[in-house]
Amino acid sequence: MDFRSLYRLNLLFINAGGKVKYLLRLSSLSKTKKLLKTNEEIIATRKHDTIYICGLGPSLADVDLDRLIDKDTDTLVVNHFFKMAEKTKLRPTYYLMADAGFMKPKHIEAFNKAVEMYKKDTTFVWSTSFLSINPDLVNLDCKKTFLAMYNGYYIDPKKFELTKVMPAFGNVVCAAIAFAIGAGYKKIVLLGCDFNSFAFPHEVHCYDGGKENKAVRRISLGYELFCYCFDAFVHVQLAEYARTLGVEIINSTKGSLIDAYPMNVDETLYKTGVDK
């Protein structure tokens with residue numbers, strides 16, 4: 001067996017595991033579908049056709065996020081974006097957190113800070129897996145919606161809808177792109193999606209020191225590269241699916257290693273003196 005065959009076998013195993021998870025949750029499927037039906041409002045009330053997705057790669061620190069405020073567009077941020085609050089007045093349209101780890105004691109403080117900072121203006125997008133840990137989230141005082149992402153793995157460009165259980169995606173940026181496609185956006189622009197954390201010997205984000213941050217890796221380089229190969233594959237599948245729908249995805253991230261989408265850097269969004 002060569003490495004290509006082994007890779008495909010891995011994909012099949014991951015997909016099969018997701019299908020088993022779907023079957024194990026069949027007893028609560030009707031409740032989940034009722035919750036997901038509220039996503040119809042997201043689709044129906046969408047005001048713009050363009051959305052900017054802001055990942056947390058180090059290049060986002062070079063973006064003047066305030067320049068997105070007056071654009072005729074929506075914005076989506078992810079995970080620990082609240083750490084950028086002091087550097088921008090941007091109030092994102094959506095704030096996506098897809099990892100159930102945010103409900104665990106180690107990260108719940110970060111979750112609470114994000115909600116407190118943006119609850120007046122932003123719609124939070126959370127995984128339904130959060131509810132298995134904290135069912136009271138549905139009553140939290142903020143605008144919110146949920147995504148169910150456990151129906152297998154996204155190993156082919158198949159149709160998905162926000163109002164149904166979707167497949168699992170590679171990482172939070174993949175999930176954000178899937179959300180934007182499902183919400184009906186016709187143009188998706190990526191910022192801060194560097195896809196290069198494996199190229200540094202330490203933690204690298206746009207916050208906490210960026211490229212100069214010396215925090216120790218949470219996972220080994222070998223395992224991170226293993227995960228990245230699947231994430232890269234999902235990006236390719238999402239790009240193909242978007243094309244079938246006539247959805248344009250543009251990567252405007254300087255230095256990004258994602259090759260699935262056309263690269264078109266909008267220099268007007270970057271701070272003066274920042275090189276490509």
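**Notebook: a predicted model, looked up piece by piece**

I started with the surface: the protein exposes about 14000 Å², and carbon and sulfur atoms supply 54% of it. These areas come from the Shrake-Rupley method with a 1.4 Å probe, and for residues only the protein chains shown count as cover. I noted that this is a predicted model, where local features need pLDDT of at least 70 and side-chain atom pairs count only at pLDDT 80 or more, while totals for chains, interfaces and linings use all residues. I also noted that residues are numbered from 1 along each chain as its sequence is written, and that side-chain values use heavy atoms, with hydrogens and water left out.

**Overall form**

Along the principal axes, the C-alpha atoms fill a box of roughly 55 × 50 × 40 Å. I found that 50% of the 276 residues are buried; buried means under 20% relative accessible area, exposed over 50%, and partly exposed in between (1.4 Å probe, protein chains only). Contact means heavy atoms within 4.5 Å. Among contacts between residues at least 6 apart in sequence, 60% join residues at least 24 apart.

**Strands and the sheet**

I counted seven helices and nine strands, which are DSSP runs numbered from the N terminus (helices H or I, at least four residues; strands E, at least two). Two strands pair if DSSP finds at least two bridges between them. Seven strands form an open sheet with parallel pairing, in the order β5-β4-β3-β2-β1-β8-β9. At its edges I found β5 (143–147) and β9 (248–251), each pairing on one side only.

Next I followed β1 (residues 50–54), which runs parallel to β8 (residues 187–191) and is joined to it by five bridges. Tyr52 stands opposite Val189 in β8. Thr50 also lies in β1, and it counts as buried at 18% relative accessibility. Beyond its neighbours within four places in sequence, Thr50 is in contact with Thr73, Asp74, Tyr185, Lys187 and Val189.

I then checked β6 (residues 149–153): five of its five residues are buried, so this strand is largely enclosed by the rest of the structure. Two bridges join β6 to β7 (residues 166–168), and the two run parallel. Tyr153 stands opposite Ala168 in β7.

**The cores**

A nonpolar core is a set of buried Ala, Val, Leu, Ile, Met, Phe, Trp, Tyr and Cys residues joined through side-chain atoms within 4.5 Å. In the largest one, with 80 residues, Phe81, Trp126, Phe169, Ile177, Ile188 and Leu238 touch the most other members. Helix α6 (residues 172–182) gives the largest share of this core, ten residues. I picked out Phe81 and, not counting residues up to four places away in sequence, saw it touch residues including Leu56, Leu60, Tyr95 and Tyr118.

**Two positive phi values**

Most residues other than glycine have a negative phi. Asn79 has a positive phi of about 45°; it sits in the loop between β2 (74–78) and β3 (94–97) and is buried at 17% relative accessibility. Phe195 has a positive phi too, near 60°. I placed Phe195 in the loop between β8 and α7 (221–245), and it is buried with a relative accessible area of 15%.
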